[in-house]
Amino acid sequence: MTWQIRDVMSPGVAAVEPMTTVARAARLMREQNVGDVLVAYDCDLFGVLTDRDIVVRTLAEGRDPDTTTVGSVCTRPPVVTLTPDDTTDRAAELMRRHAVRRLPVVERGGCPVGVVSLGDLATADDPRSALADISRAHPTR
């Protein structure tokens with residue numbers, strides 16, 4: 001079954017500016033219990049920073065998270081996005097094509113309004129699937 005993104009996305013977004021330190025972004029991720037933050041100036045989406053970016057592009061390269069900016073390690077433009085009116089089929093196709101697990105959702109004009117994840121799609125497609133169960137589980141700290 002195909003859904004509109006607005007019906008399955010996680011509304012609201014954790015966002016930081018490009019000059020924010022990786023350490024500050026990591027703390028925000030912990031506080032918000034998310035695996036990514038959008039990197040933006042107001043409604044201008046600059047990139048996406050994931051927990052994997054922190055590990056691979058910062059820590060594994062020996063960079064200091066207290067001085068490294070998210071703008072220097074995040075996934076950079078062009079950022080693949082969806083609108084709330086897009087479909088889950090479109091989201092799955094974009095995730096497959098670009099090998100990503102999360103997509104920012106933006107309103108007209110590019111203002112971020114949410115994020116849709118692979119887990120969101122799994123839950124919408126088959127609420128009894130293993131991935132849906134895992135996605136709904138409360139993460140351990």
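Helices (H or I, at least four residues) and strands (E, at least two) are DSSP runs, numbered from the N terminus. The structure described here is a predicted model, in which local features need pLDDT of at least 70 and side-chain atom pairs count only at pLDDT 80 or more, whereas totals for chains, interfaces and linings use all residues. Residues are numbered from 1 along each chain as its sequence is written, and side-chain values use heavy atoms, with hydrogens and water left out.

Helix α3 spans residues 88-98 and includes Thr88. Thr88 has a relative accessible area of 7% and is therefore buried, a term that stands for under 20% relative accessible area, with exposed meaning over 50% and partly exposed in between (1.4 Å probe, protein chains only). When neighbours within four places in sequence are left aside, Thr88 is in contact with Met1, Thr2, Trp3, Ile5, Val8 and Leu121, where contact means heavy atoms within 4.5 Å.

Three strands form an open sheet in the order β2-β3-β4, and their pairing is mixed. Because β2 (15-16) and β4 (44-50) are at the edges, each with a single partner strand, one side of each is left without a neighbour in the sheet. Two strands count as paired if DSSP finds at least two bridges between them. Between β2 and β3 the pairing is parallel, over two bridges, and Ala15 has Leu38 of β3 as its bridge partner. Strands β3 and β4, by contrast, run antiparallel and are joined by six bridges; here Tyr41 has Asp44 of β4 as its bridge partner. Five of the six residues of β3 are buried, so this strand is largely enclosed by the rest of the structure.

Val16, apart from its neighbours within four places in sequence, is in contact with Leu28, Val37, Leu38, Val39, Ala40 and Val70.
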